[in-house]
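Trainee: Could you pick one part of this model and take me through it closely?

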Amino acid sequence: MKVAIVVFPGSNCDRDIAWAIKKISGYKPDYLWHKEKNFRNYDLIILPGGFSYGDYLRCGAIGSHSPIMNEIKKRSQKGTKIIGICNGFQILTESKLLPGSLLQNENLKFICKKIFLKVKNNNTFFSKKYKLNEIINVPIAHMEGRYYCSKKTLKELENNKQIIFQYCSNNGNIKDTDNPNGSTRNIAGIINLKGNVLGMMPHPERCSEELLGGENGINFFKSIFESIN
Amino acid sequence: MDKLNNLKELLNIHNLNNIEYKKITKILKREPNLLELGIYSVMWSEHCSYKSSKKWLRQLPTKSKIVICGPGENAGIIDIGGNDSIVFKIESHNHPSYLEPFQGAATGVGGILRDIFTMGARPIAILDSLRFGDIKQKKQKYLLSGVVSGISNYGNCMGIPTVGGECYFNEDYNKNILVNAMAVGVAKKNKLFFSKATGINNPVIYVGAKTGKDGIHGATMASAEFDDNSKQKKPTVQVGDPFTEKLVMEACLELMQTNMIVAIQDMGAAGLTCSSFEMAAKGNCGIELNINKIPLREKDMTPYEIMLSESQERMLIILKKGSEKKAKKIFDKWDLDMSVIGKITNSKKMIIKKDNNIIANIPIALTEKKTPEYKRPWIKPKKVKNIKKIIFPKKNKVKEIIFELLKSPNLTSKKWIWEQYDHMVMCDTIKPPSYGAAVVRIHGTKKSIALTTDCNTNYCKHDPFIGTVHAVSEARRNIIATGATPLAITNNLNFGNPEDKKIMGQFVMSVKGMIDSCKKYSLPVISGNVSLYNETNKSGISPTPVIGMVGLIKNTNSFYKKNLLKENDKIFLVGKKSNNISCSNFLEEIILKNEKNLGSPPPLNYNEEIKNGNFILNLFKDNLIKCCNDISSGGLIISLFKMLIDKGFGAEIDKNFINNVMSDQIFYKILFGEDVGKYIIVANNEEKVKKIAEKSKINLFKIGITKKNHLNINNEIIKLSELKKKFENNFFNYINN
């Protein structure tokens, strides 16, 4: 297994993800500086949360033009698995590796809290260790997490089962009242058509340890390790 | 050098008096020029020189076995065993936050974070102690929203969790809000950095954001002498850029892994002036700066503006000679400006050059020695009058009273605030904001630290001495209630105008209270900040000595795991039943309402505090506590409710604890009195807890048992869901209406 975490200037969840991976699998991921263009092959490349380039202009917009992103686009076409969490998700939509975009939360404020997610497709690299429709408790922490896409894209996402995680209530109802940020169809995480690129706003790395108040994120990482190995 | 015109007006603008001006001419043996006058004015400002407070602060206990560095540096440092140390400090940004709440609060956070990483520590937590006026006023809602967004914006972007603090509302703060930010970092003991400049000819380097015209001191000045071009004055409040600060922090921490740094200091209040002067003063050497080398954000800045600018995200570093190129590589990687702007000399003077001409020449040691220090006259605050006889409600009003109390913005849930802060980033937040102290793990170790800020405004207003003793004691109880051993404190002394005898009296008595309590608890004061002149139209704020405290948990896993609450778990009170209602929220919100005098704060017994605290820590050690809270604002019932609600539990109170036979007075005092020195615990093993209490002669009362769906107090039943809804929504309603 070879895993890399990209560090943009302003990334701040890079260490957290490395920590979670190390804790769960014993494997220590590499860090890739955003200016790098040539690097070895990796099975998985993670774009972490944070505020790449200060999120000036628009979240993830400058990040998507970072030197490393050209190479990441190429690798994704070759099948390398790519995950974008929070700011990483924003970079992936800005780079057009995933459809749609992430707008400012409906309440116009930063929201940091634990929410419930429903696993809508467990037949992916990233979710196979969860049960279908399993309800998991995961934190979010973002200002711009309102997923938005056109009706056409939404239909495609639904038809192709590209929606992986949806915000829900503690008993699994997917209603507006359990939508923390106003996302279209309560969308919290999606994959690309090919199935090797995932973007999600919630932070599985923050709930992969009992001491931090939850372990629902562990199966997320385990799914990926199992897919790779 | 230019001669000064209109001396009187100039001194006025620079907030210097005639005596201070004479001192300057004596030190320089001539008249200062405008740049020098500007430099003296900021260095001798209350904010930088502590001229009114120094005499008293000196008496604080600042030493103990664990103190590595006390007050005087950018932040204090304590030893937590092994090669780990904790660096922390609190600082105010009150005045700017009132003028421009978002930027004022944001740069407050930015400033205190720089103080922490300057010492070689990676910041791991932020806390904020906030005071606003009447929350029903539009202006206060605007200030609150702005301040919270500012803190959220800066802390979140830096990737440092904001894990705690407090927020209190009272009309005494209508015209002067308080924004105190505390930051905590962790450093290796053998990799600490200080600001003492040494080594003749070592280069002085400037790193970080460019210098602009923001935050120039007292820039209200409108006279032509200060701005020959009469350009539009920029706002006096600095503008923060957390992204740049994140880069500066990472670059500095990277540079600190090498052996290139001799000394380092951030450019905070009074910018380049104070930082360079202080570094040289500490090293008893001289410093020479070339103004032409300073990276500027805009053209045509005068040396005066450059030296006094308070632009954010800038650092001053003394490097070992010859390592400039290697250091530059690191800053290049992070896309940051680095410029060699001068050198260390043996002249013992601060010399500033422009185009090779000397434009300022100030003897450092002499200036240090002659820094003004005032013995401001003060008078002891008057004792408050006793409150009139209180008529207590009938005993069947408990439910009504709880709902009424939870309407108070001071008692209701502050989720609206802390959900805007990223309190989980760094994956070490063990106890997030909710009630009491926060607990943050030291990354990659078994150790955790508990963190809190505290100050009960009502207590301090009614008696600054005992109020401050209470602030220290309550902070200590918060720390102990998490299972942590209290280690040291930082303080933020917020007061009105010290030239007013009464206010100086509040300040003096408050410091005396801190000295007394810190000595009794063996708690050193390792850093702090004084904010005076929190006053508008001759009306000052209530004395607000905010205490920040840090405690240590040696083995986190041992009691933060597998202690899940169950129904019918036993709840105990540690300490005597309350027998005092004065200065309580019950009195303020339910009985007296608009009455200003709430009586004297409850008395405090140090022995009892220490005894009960030790008892709690022993129970934690033996894993006999499932959860714990101290009794504070709102009294026993509110403290109990806050401890249990997030865990999904209510409680049933025993008939032996309170009952209908009791008088109304005793009944309500037990439930809502804010007598101090007490804790509530849910015990892991009832018998063992009782035994230890008996052996250590601790007052232990069974309060009742935990219940899944309700709170039952003297047969009044409150549905948990209903209570929780009110508790969590009240604050949102204040903001939205």
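Mentor: A crossing is called left-handed if the near helix is turned anticlockwise from the far one by less than a right angle, and right-handed if clockwise. With that in hand, helix 7 of chain B passes helix 8 of chain B in a right-handed crossing. The model is predicted, so local features need pLDDT of at least 70 and side-chain atom pairs pLDDT 80 or more, while totals for chains, interfaces and linings use all residues. Residues are numbered from 1 along each chain as its sequence is written, with chains lettered from A and ligands numbered from 1 in the order written.

Helix 7 of chain B brings Phe102(B), Ala106(B), Val109(B) and Leu113(B), among others, and helix 8 of chain B answers with residues including Leu143(B), Val147(B), Ile151(B) and Met158(B); contact means backbone-placed C-beta atoms within 7 Å. That helix contact splits into eleven nonpolar, eight polar and no charged residues (Ala, Val, Leu, Ile, Met, Phe, Trp, Tyr, Cys and Pro are nonpolar, Asp, Glu, Lys and Arg charged, the others, Gly among them, polar).

For a contrast, take the contact between the chains, with 22 residues from chain A and 23 from chain B. The side of chain A has twelve nonpolar, four polar and six charged residues.

Technical notes
Helices (H or I, at least four residues) and strands (E, at least two) are DSSP runs, numbered from the N terminus. Two residues are in contact if their C-beta atoms, placed from the backbone, lie within 7 Å.
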